[in-house]
Amino acid sequence: MYENIRSALIDTFRVPEDELSPQATLQELEMDSLALAEFALVLEERLGVKLETEHANANTTLAEVADHIEALMAAPKVAS
């Protein structure tokens, strides 16, 4: 999952590869509130899960984002 997030940051946000690590926070990657919202949308499009803003804020690490997305993907789907 981390590799998917890393790829999205490199491709969409042009974050240099050498700035990315699982411990890097979104703030360290200089993502403002607009970029965070776009980041959540990009991940939703790529992975099919909705990332809530409390799980992708400035202090969230890339590892935490990956862990949360993995948990969302593993959760049983609720029928509407």
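I take helices (H or I, at least four residues) and strands (E, at least two) as DSSP runs, numbered from the N terminus, and with that I place E30 in the loop between α1 and α2.

I note that this is a predicted model, in which local features need pLDDT of at least 70 and side-chain atom pairs count only at pLDDT 80 or more, while totals for chains, interfaces and linings use all residues. Residues are numbered from 1 along each chain as its sequence is written, and side-chain values use heavy atoms, with hydrogens and water left out.

I looked up phi for E30 and found a value near 60°, positive in a residue other than glycine. E30 counts as exposed (over 50% relative accessible area, with under 20% buried and partly exposed in between; 1.4 Å probe, protein chains only), because its relative accessibility is 73%. R14, placed in the loop between α1 and α2, has a positive phi of about 55° although it is not a glycine, and I record R14 as exposed at 65%.

Entry on α1 and α2. I looked up the axes of α1 (residues 2-13) and α2 (residues 33-47), which come within 11 Å and cross at roughly 120°; axes are lines fitted to C-alpha atoms, for helices over the stretch in contact, and angles run from 0 to 180 degrees between N-to-C directions. That angle makes α1 oblique to α2, given that under 35 degrees counts as roughly parallel, over 145 as roughly antiparallel, 65 to 115 as roughly perpendicular and the rest as oblique. The contact (heavy atoms within 4.5 Å) is made by residues including I5, L9 and F13 of α1 and F39, V42 and L43 of α2.

Entry on α1 and α3. The axes of α1 and α3 come within 9 Å and cross at roughly 120°, and α1 and α3 are therefore oblique to each other. I find Y2, I5 and L9 in α1 meeting L62, V65, A66 and I69 in α3.

Entry on T60. Where does T60 lie? I place T60 in the loop between α2 and α3 (62-74), and T60 is buried, with a relative accessible area of 6%. A polar atom of the T60 side chain lies 3.0 Å from the backbone nitrogen of N57. Leaving aside neighbours within four places in sequence, I list A24, T25, L26, H55 and V65 as in contact with T60.

Terms used. Polar contact = N/O pair within 3.5 Å; in protein donor to acceptor, adjacent residues only side chain to side chain.
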